[in-house]
Amino acid sequence: MLPEIKLQGDIDVAALSPLLRGMILSASYADSQGGIGLTATGAMNRKFVHWAAVHFQWPDYTSEDLYSMNKVLNEGDMPPLWVVRSMLAHLKLLRKKKDLLLPTKRCREFLARPQAYFDLIATDYLYSYIHDGQTLEEVRERMRSWHVFLNLINIKARLGCSVNDLLSVLYPSLLSQPEAAMSAEVWTLGSELRYGVIRPLCWLGLLHEDRDGLTILQNGMYHKTPLWAACLQLESDMQSDILMH
């Protein structure tokens, strides 16, 4: 069974969740600016993409990060925007009309009480969203392991953990030899864990990556945010720290 995501307590979700914050900002822009303009190919126009890059302040995708790689920004240059747009469409908060994305009646209800939508957004995004480069079969396969991933992270991230820390528990025999850390199989498993599990949790705001002092090629340590405990109740909450040693 998939762990239930149910927000409890008084917590500023938008301050912690890049995804919810991006959805609120995009919906508010569409509502106040008469819609989000689209290009001839149906992409969000550069005016909005630039605005989103400046205002989202998405970790690792700030305007400074994005403009360091591109002189101009198109929708395809800002991966978080793909997810924000998909979730806004999935929840029927924006609708396409000619060359605009326009707010729906439900969008205005969302803007009035965005936190009330967090459980639905988080559940759909974490468990069933098909990320770029993934397949429906991969998402369905991962569903069987989410309770394992979340309980393991719940324990290991108490003091911070890396992707390799998690891999060493999930695949102990594979990482038993020092040279194994450089193998193609370990790299593939680490990539699947990072982009299929860790990044969605970070984009939802349940995890935060500490990257202080690291280069772009180095991996950081992951820590739980207050939002984790506010919306997840797991079997491992009362468990000893045996997996931490």
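How many helices and strands does the secondary structure of the protein chain come to? The chain has 12 helices and five strands; helices (H or I, at least four residues) and strands (E, at least two) are DSSP runs, numbered from the N terminus. The model you have open is predicted, so local features need pLDDT of at least 70, side-chain atom pairs count only at pLDDT 80 or more, and totals for chains, interfaces and linings use all residues. Residues are numbered from 1 along each chain as its sequence is written, and side-chain values use heavy atoms, with hydrogens and water left out.

**Stop 1: the whole chain**

Show the protein chain as a cartoon. Its C-alpha atoms fill a box of roughly 55 × 40 × 35 Å along the principal axes. Buried residues make up 45% of the 245. Buried means under 20% relative accessible area, exposed over 50%, and partly exposed in between (1.4 Å probe, protein chains only).

**Stop 2: the nonpolar core**

Now select L19, M23, F118 and L201. These residues have the most contacts inside the largest nonpolar core, which has 71 residues. The largest share of this core, nine residues, comes from α11. A nonpolar core is a set of buried Ala, Val, Leu, Ile, Met, Phe, Trp, Tyr and Cys residues joined through side-chain atoms within 4.5 Å. In soluble globular proteins, nonpolar side chains tend to be buried together.

Stay with M23 for a moment. Leaving aside neighbours within four places in sequence, M23 is in contact (heavy atoms within 4.5 Å) with V84, M87, L88, L91, L93, F110 and I121.

**Stop 3**

The structure holds 10 aromatic pairs. Rings of Phe, Tyr and Trp (its six-membered ring) pair if their centres lie within 6.5 Å; planes under 30 degrees apart count as stacked, over 60 as edge-to-face and the rest as tilted.

Look at W58 and W203. Their ring centres are 5.2 Å apart and their planes are at 80°, so this pair is edge-to-face. W58 sits in the loop between α3 (46-56) and α4 (63-67), while W203 belongs to helix α11 (residues 184-204), so the pair links parts of the chain 145 residues apart. W58 counts as buried at 1% relative accessibility, and W203 counts as buried at 6%.

Y61 lies in the loop between α3 and α4, so its pair with W203 in helix α11 ties together parts 142 residues apart in sequence.

**Stop 4: helix α9**

Is helix α9 largely enclosed or largely open? Select residues 146-156: nine of the 11 are buried, so the helix is largely enclosed by the rest of the structure. Among the buried residues are W146, F149 and L150.

**Stop 5: two lysines in loops**

Most residues other than glycine have a negative phi. K92, in the loop between α5 (79-90) and β2 (94-97), has a positive phi near 60°. K92 is exposed, with a relative accessible area of 59%. K98, in the loop between β2 and β3 (100-103), has a positive phi near 55°. K98 is exposed as well, at 76%.
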